[in-house]
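I opened this notebook to record, entry by entry, what I looked up in the structure and what I found there.

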Amino acid sequence: MNRSHRTGLSLIEIVLSMGILSLIMLPVFMTFSSGNINIQVTESEFRAHTAALELMEQIISLPFKLIKAGEYDSGQIIEGRSFAGSPVIFRVSDNPDLKPALKIEEIKRENKVVFKKITVTIAYPSARASDRMRDFTLKTLVANEDI
Amino acid sequence: MKTSERRVTGFTLTEILVVCAVSATFLATAIMLFTNFRQGYSRSENVAVLMQESALFLARLRTDLNNAVLSGPSADFLRQIQAAPDQLSFNVYSSRHGRIQPVVYNYAALPDGGRLSRREANEGERVLIKDHVASLTWQVQLERFATPGSGTFRIGLAIDLQLKASLGKEKPFAIKTTIFPARLNRQLNSR
């Protein structure tokens, strides 16, 4: 049998072409995968954003003198726990993946506190069941209306 | 002509079978991968749509509650937000109209997915979420803290919302939060 006159494709050629085709298809599948990851990240960001607003609003709802300066971490910001040793308590919706932190600073002018700067930071997992954490930060100023 | 000089140009049966087996394996893997990715993507897409709807609803409600103001008879000052299972109402200051006017949210629980709508003053009702609400509760939380003086009030509205896709069998998208109307709380405590 004289094989030099055969015109069909060899097995190696077919396998190689399939390999090239898989390499081309791989980025297409990766696009779907990265789309899923992005949606998961957006969901985590939305939950962190909602938690940050919840913490921020409950603090700025208090009278100015009750907004005590200090730093509070996720060990202190717990549902029903006292805020700065006062009768006011934290209200935190159940979300074990999020780690909130709160910082309140006084801004003085002529020895009077004119503003309080409130910074809320929520650490959240970048994707579902991920150990990598990201931070979402929200800041605002509360004016002293008594001066 | 001798038969030994005949030229063979086709594939052998073994070559064809091997190529078929390799192609079938490759195609099966590709189809399986594509189906899995497509299902995952479709699931995530549903979550994204539900998340967007809940985000828009919460943003709308938060804006309204931030515009909520003290109104009504002074004896009734703690009942600024009225919440029933199917209706939520309170008064807001509308800067566009320059007056205080009521805002009403209605929730209709339906077997195929509830509907959530909003109405301001005498304007027409606008649907915020159509057929996707699996469950919704809103509860007014009134707290009174024993601080020096007459104490401190804080009103909050606890929301527990679950949305589900119309056709999907995936688990609903759920979010819980409490909205504290800062302006209303400040007015309550400066009375």
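Which residue is the bridge partner of A123(A) in β4(A)? I looked it up in the model, which is a predicted one, and found D135(A) as the bridge partner.

I then followed the two strands and noted that β3 of chain A, residues 112-125, runs antiparallel to β4(A) and is joined to β4(A) by 11 bridges. Stepping back to the sheet, I recorded an open arrangement of 4 strands in the order β1-β2-β3-β4 of chain A, with antiparallel pairing. I marked β1 (70-72) and β4 (133-143) of chain A as the edges, since each has a single partner strand and so one side of each is left without a neighbour in the sheet. Neighbouring strands here are turned against each other by 15° on average, direction ignored.

My next entry concerns E143(B), which I located in strand β5 of chain B. Is E143(B) buried or exposed? I noted a relative accessible area of 8%, under the 20% limit, so E143(B) is buried. Its side chain makes a polar contact of 2.8 Å with that of R91(A), and, residues up to four places away in sequence not counted, E143(B) touches I89(A), R91(A), T152(B), F153(B), R154(B) and F180(B).

Last, I turned to the largest nonpolar core, which has 32 residues, and found that F57(B), L61(B), F90(B), W138(B) and I159(B) touch the most other members. Among the elements of chain B that give two or more residues to this core are α1 (13-66), β5 (126-145) and β6 (152-163). Apart from this core I recorded another, of 30 residues, including A48(A), Y72(A), L138(A) and A182(B).

Terms used:
Residues are numbered from 1 along each chain as its sequence is written. Chains are lettered from A and ligands numbered from 1 in the order in which they are written. This is a predicted model: local features need pLDDT of at least 70, side-chain atom pairs count only at pLDDT 80 or more; totals for chains, interfaces and linings use all residues. Side-chain values use heavy atoms; hydrogens and water are left out. A nonpolar core is a set of buried Ala, Val, Leu, Ile, Met, Phe, Trp, Tyr and Cys residues joined through side-chain atoms within 4.5 Å. Buried means under 20% relative accessible area, exposed over 50%, partly exposed in between (1.4 Å probe, protein chains only). Two strands pair if DSSP finds at least two bridges between them. Axes are lines fitted to C-alpha atoms, for helices over the stretch in contact, and angles run from 0 to 180 degrees between N-to-C directions. A polar contact is a pair of N or O atoms within 3.5 Å; within protein, one must be able to donate a hydrogen and the other to accept it, and residues adjacent in sequence count only if both atoms are side-chain atoms. Contact means heavy atoms within 4.5 Å.
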